[in-house]
Amino acid sequence: MNIEKILQDSIQAALLAEFEVSEPTIALQPTRKDFEGFYTFVVFPYVKALRKSPVEIGNAIGNYVVSNTTVVSTFNVVQGFLNISIADTAWKDTFNHLKSDASFGKLPTKDETVMVEYSSPNTNKPLHLGHLRNNFLGYSVAQILDANGYNVIKANLVNDRGIHICKSMLAYQKFGQNETPASADMKGDHLVGKYYVEFDKHYKVEVEALKAEGLSEDDAKKQAPLMKEAQEMLLKWEQGDEEVVALWQKMNDWVFEGFNQTYETMGVSFDKIYKESNTYLLGKETVEEGLASGVFFQKEDGSVWIDLADEGLDQKLVLRKDGTSVYITQDMGTADLKYKDFGMSKSLYVVGNEQDYHFEVLFKILKKLGRPYAEGCYHLSYGMVDLPSGKMKSREGTVVDADDLMQEMKDTARERTNELGKIDGFTTEEAEELYSTLAMGALKYFLLKVDPKKRMLFNPAESIDFQGNTGPFIQYTHARICSILKKAEGLNINIEDASTYTSLHEVEREIIFALSEYPRKVADAGREYSPALIAQYAYDLAKSYNRLFAELSIFNAESPEAMQFRVQLSKAVGETIKKAMALLGIKVPTRM
RNA sequence: GGUUCCGUAGCUCAGCUGGAUAGAGCAACUGCCUUCUAAGCAGUAGGUCUCAGGUUCGAAUCCUGACGGAAUCACCA
């Protein structure tokens, strides 16, 4: 049993024994730094009812916990705050317990499957900064849920068909001159993206021309020849036109090749890929079913709708009058398919918050349809990554390309590392690997340390930091620890036996406490789907350790016991940092 | 206009199931490398927690309103 639980139980008992108050939950908070003590219990709430002074109540409870537990060494009462100090023996017990737990931080298996769908790119343009946040977030949440004992399926629903793909295809047909990724020396996704931009350029000219002829903006957009051609192409694609399908296949293959390369650099992976070209017809049956059961209704023109007025929402179209699907139709069908494939109890959709409304509607529809999995659906909605100039806009050329950014990060890492002269004794290969590790560590940490729900700012003019509250700071701490452990190995220091070192330094207590908090943080992060909690934790732990590193000597410790203990502590911190960073998808180097 | 989210140090962010004097990092300034990695450590300075009310022993945190910003309200995905 951990210290906090013992304290809570004891305070509960004290309230009952001394004041006949039964309190179901006892909330403890960390004692403010300026006061003596570790945990603080606030007694103000009882003052009125008990008609006793806060000090009186505090002292009574304090005395009770001192004499009825072994974990409390002493206490003090300031105003209405009962500050409790913990005995070093209790900290040592806690540490010995956690360091001998081989699966520390891995929560008990839940025998429950959860799907995390993330990434979900369009195959008409390369990935950008927004996708990086999405991918890192999705991957990290999957790792966190895995540590929480779930069986996790990482899924990617690729949007590989539709009018937007036809735009790239059409532009390629017209202006491509059989260019290939090889001949253009471009990644496939970038090449296809180039033609998407190309389409837009010519399309705009056409629209302007039509507007000059007096058409309204809307009409001009609809009647521009290029748009009409693209729509015809989509129709041909749906009819299985050989030429169109072949072109689609070729260009999609290029894109996938490019994406896979980017995914590899990002360090993310998937257990299941769904392609919209295979699923876009799904959902029509669901519409039939919903019509039959009266969940949906049909208008005179034949279009099918759902009325969500009773849920405080509007009516929503689920099938066009010509019988073709809309976005939400496919999502209904795909939800069924996913459930059929994996039977998961939870299904997370990692999608930007601009789609909040869409998912609210989707989940309400699934509920109305009586889907057994509807309750477990959750939209993990994250905020946009803004630039100082505002939102990224591809038309204005303000998109930060994922491949470019990752490359720049690596260049910065190389530069910094070389400046600091940190690569003595590294082979070229090892050095390159270190640059990547640091670059991705900095980038991932930067994007994950912020609460996912909040929009965040990225300033391309200032490169992402490698100092302070950053990935490399934590990676550096790990490398330092590895260096300590290597030296300890050389000295043959026993790192398994519980040492007899008993009078702990303040920093050492702080670190043991931080370590003991790890499983709880994993649980919190899993419940809130928030890698930011893990990032913050890893940073705090690293910071505490660096303080120890600076303030206390390890190999010149005051006693052999102290040395042995500190090496053990270092090992535990290193392992925990490694685990925490792994939950963020960040690797830690053994030297840097 | 309706709905939802946001507003904390010059900048980027924590803190938000109500608790003590508001927490980090960056940027600025001061110290610390002949002993375990200075991508580090210690310190100084920097705040009307957007504003106004309310709830209470106590509010950055909860409620109401105002102001400012964003997203969404497509037979696009």
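Predicted model: local features only at pLDDT ≥ 70, side-chain atom pairs only at ≥ 80, totals over all residues.

**Stop 1: the RNA**

Start with RNA strand B and show what is around it. How many residues surround RNA strand B? There are 59 of them, and the closest are Phe-81, Asn-159, Arg-455, Tyr-476 and Leu-552. Colour that surface by class and you'll get 26 nonpolar, 17 polar and 16 charged residues. On the RNA side, 63% of the atoms within 4 Å of the protein belong to sugar or phosphate, and the rest to bases.

- Arg-320, with a polar side-chain atom 2.7 Å from a phosphate oxygen
- Lys-422, where the distance from a polar side-chain atom to a phosphate oxygen is 2.6 Å
- Ser-483, whose polar side-chain atom also lies 2.6 Å from a phosphate oxygen

Switch to the cartoon to see which elements give two or more residues to this surface: strands S2 (39–42), S4 (81–86) and S14 (456–457), plus helices H2 (44–50), H18 (471–490) and H20 (531–551).

**Stop 2**

Next, select Phe-41, Ile-61 and Leu-132. In the largest nonpolar core, which has 154 residues, these three touch the most other members. Helix H17 (residues 428–448) gives the largest share of this core, 12 residues. Another core, of 25 residues, lies apart from the largest one; Val-295, Leu-313, Met-332 and Tyr-373 are among its members.

**Stop 3: Met-406**

Go to helix H16 (residues 402–419) and click on Met-406. Is Met-406 buried or exposed? Buried, with a relative accessible area of 5%. Beyond its sequence neighbours, Met-406 is in contact with Leu-132, Thr-262, Thr-265, Met-266, Met-440 and Leu-443. For a sense of scale, draw a line from Met-406 to Arg-32: the C-alpha atoms are 41 Å apart, and 374 residues separate the two in sequence.

**Stop 4: a two-sided helix**

Select helix H13 (residues 284–293) and show its buried residues, Thr-286, Val-287 and Gly-290. Look down the axis of H13: these buried residues fall within an arc of 100 degrees, so they line one face of the helix. Turn to the other side and you'll find Glu-285, Glu-288 and Ala-292 exposed. What do the buried residues of H13 pack against? Strands S8 (296–298), S9 (304–307) and S10 (315–319), and helix H14 (327–342).

**Stop 5**

Jump to helix H19 (residues 506–528) and find Asp-524. Asp-524 is buried, at 18% relative accessible area, and its side chain makes a polar contact with the side chain of Arg-527 at 3.0 Å.

**Stop 6: two glutamines with positive phi**

Most residues other than glycine have a negative phi. Gln-79 has a phi near 50 degrees and sits in the loop between strand S3 (72–78) and S4. Gln-79 is exposed, with 56% relative accessibility. Gln-177 has a positive phi of about 50 degrees, and its loop runs between helix H6 (163–175) and helix H7 (181–184). Gln-177 is exposed too, at 73% relative accessibility.

Definitions and conventions
Residues numbered from 1 in each chain as written. Chains lettered and ligands numbered in written order. Heavy atoms only, no water. Buried < 20%, exposed > 50% of the residue type's maximum accessible area, 1.4 Å probe, protein only. Helix = DSSP H or I, 4+ residues; strand = E, 2+ residues; numbered from the N terminus. Arc of directions from axis to C-beta. Contact = heavy atoms within 4.5 Å. Near = heavy atom within 4 Å. Polar contact = N/O pair within 3.5 Å; in protein donor to acceptor, adjacent residues only side chain to side chain. Nonpolar A, V, L, I, M, F, W, Y, C, P; charged D, E, K, R; others polar. Core = buried A, V, L, I, M, F, W, Y, C linked by side-chain atoms within 4.5 Å. Lists of a residue's contacts leave out its neighbours within four places in sequence.
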